[in-house]
Amino acid sequence: MSTEPAGADAAVVPATVPPGAKSRPRAAGGETLLGLKRRARRINRALAEQYPYAHAELDFRSPFELVVATVLSAQTTDVLVNQITPLLFARYPDARSMAEAEPAELEAIIKPTGFFRAKARNLMALGTKLVDDYDGEVPGRLEELVKLPGVGRKTANVVLGNAFGVPGITVDTHFGRLARRFGWTESDDPVRIESDVAELFEPKDWTMLSHRVVFHGRRVCHSRKPACGACAVANWCPSYGTGETDSDKARQLLKYELAPGQEELLEKLLAETHRAAEIRMESQRRPR
């Protein structure tokens with residue numbers, strides 16, 4: 001499925017920094033704010049070199065499909081969501097059909113994602129809100145997106161950045177963990193993290209920065225045992241040494257296309273970055 005931005009007529013205006021949350025991130029260990037910005041941007045460049053194929057890992061063909069998939073992704077993996085959305089969107093291709101869904105049928109389809117009753121209620125309410133207030137179309141403004149059932153700032157920024165081309169920082173658990181490890185923020189609050197990180201980068205970089213950091217968190221900088229010895233940004237990371245520093249042992253901790261034995265998949269992704277989402281989908285369909 002395509003991950004190209006939809007809604008060509010949407011104005012490309014950065015998502016606003018959360019009101020009341022704006023605060024300059026504090027540099028640690030005597031690092032100046034300018035030094036922090038330079039180090040943060042060096043990390044971003046290194047991650048861009050490591051993951052030139054970084055992309056939204058939820059499969060979608062329209063803003064509606066992306067907002068639904070993102071709501072479903074709460075407390076589960078993108079891989080699992082991608083496995084159930086083809087059937088889901090075949091049965092409910094638009095907001096009206098979602099609004100008119102039979103609850104039991106919808107719940108049965110999305111049950112593998114967990115919390116399926118609450119998610120089903122949110123999806124039906126989301127469809128109803130879109131039909132009643134927006135002619136069935138997903139709005140392209142943050143202040144309208146966050147009014148939709150089941151949609152918070154994280155989901156809104158995912159939709160804006162990937163479906164409408166509007167820059168935004170997506171703070172999920174991976175992004176928050178790495179932002180703290182990189183010294184970009186000291187906060188655990190997603191809104192404060194978004195504000196702190198926004199101070200360090202140009203708006204044009206926000207969406208791809210989010211993809212790269214999340215990619216790195218899933219593949220290298222794990223929550224329990226990061227693979228420090230195989231990390232592309234180790235030279236600029238103040239948390240180096242939190243995990244395994246031996247290069248051979250660290251390599252065994254890598255996941256997805258970076259994992260040992262996945263060299264062919266990584267080679268394909270690097271050779272055809274424009275087809276990254278399609279290549280990833282194909283790899284996940286293969287029997288294991």
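The chain holds 14 helices and zero strands; helices (H or I, at least four residues) and strands (E, at least two) are DSSP runs, numbered from the N terminus. This is a predicted model, in which local features need pLDDT of at least 70, side-chain atom pairs count only at pLDDT 80 or more, and totals for chains, interfaces and linings use all residues. Residues are numbered from 1 along each chain as its sequence is written, and side-chain values use heavy atoms, with hydrogens and water left out.

**Whole chain**

Begin with everything shown as a cartoon. From the N terminus on, the elements run α-α-α-α-α-α-α-α-α-α-α-α-α-α. Of the 288 residues, 49% count as buried; buried means under 20% relative accessible area, exposed over 50%, and partly exposed in between (1.4 Å probe, protein chains only). Among the contacts in the chain with a separation of 6 or more, 63% come from residues 24 or more positions apart. Contact here means heavy atoms within 4.5 Å.

**Helices H3 and H5**

Select residues 78–91, which are helix H3, and residues 103–110, which are helix H5. How do H3 and H5 run relative to each other? Their axes come within 9 Å and cross at roughly 160 degrees, and H3 and H5 are therefore roughly antiparallel. The axes are lines fitted to C-alpha atoms, for helices over the stretch in contact, and angles run from 0 to 180 degrees between N-to-C directions. Angles under 35 degrees count as roughly parallel, over 145 as roughly antiparallel, 65 to 115 as roughly perpendicular and the rest as oblique.

Now show the side chains where the two helices meet. H3 supplies Ile84, Leu87, Leu88 and Arg91, and H5 supplies Glu105, Leu106, Ile109 and Ile110. The residues of this contact of H3 with H5 divide into six nonpolar, no polar and two charged. In this grouping, Ala, Val, Leu, Ile, Met, Phe, Trp, Tyr, Cys and Pro count as nonpolar, Asp, Glu, Lys and Arg as charged, and the others, Gly among them, as polar.

Stay on H5 and pick Pro103, which is found in this helix. Pro103 is partly exposed, with a relative accessible area of 35%. From Pro103 to Leu123 the C-alpha to C-alpha distance is 10.0 Å, across 20 residues in sequence.

Move on to the loop between H5 and H6, where Pro112 has its place. Which residues does Pro112 contact, leaving aside its neighbours within four places in sequence? Pro112 is in contact with Leu80 and Ile84. The C-alpha atoms of Pro112 and Ile84 are 8.1 Å apart, although 28 residues separate the two in sequence. Pro112 is partly exposed, with a relative accessible area of 46%.

Phe115 lies in this loop too, between H5 and helix H6 (116–134). At 57% relative accessibility, Phe115 counts as exposed. Its phi is near 50 degrees, a positive value in a residue other than glycine. Most residues other than glycine have a negative phi.

For another case, go to Tyr256, in the loop between helix H12 (247–251) and helix H13 (263–271). The phi of Tyr256 is near 60 degrees, again positive in a residue other than glycine. Tyr256 is partly exposed, with a relative accessible area of 44%.

Select residues 173–181, which make up helix H9. Seven of the nine residues of H9 are buried, so this helix is largely enclosed by the rest of the structure. The buried ones are His174, Phe175, Gly176, Arg177, Leu178, Ala179 and Arg181. What covers them includes helix H10 (190–198) and helix H11 (206–219).

Step back to Gly168, in the loop between helix H8 (153–163) and H9. Gly168 counts as buried, at 2% relative accessibility. Glu194 is 26 residues away from Gly168 in sequence and 8.9 Å away in space, C-alpha to C-alpha.

Next, pick Asn44 in helix H1 (residues 33–50). Asn44 counts as buried, at 8% relative accessibility. Not counting residues up to four places away in sequence, Asn44 touches Phe201, Asp205, Leu209 and Arg212.

For the last stop, select Tyr51, Tyr53 and Phe215, which form one aromatic cluster. Rings of Phe, Tyr and Trp (its six-membered ring) pair if their centres lie within 6.5 Å; planes under 30 degrees apart count as stacked, over 60 as edge-to-face and the rest as tilted. By this rule the count comes to six aromatic pairs.
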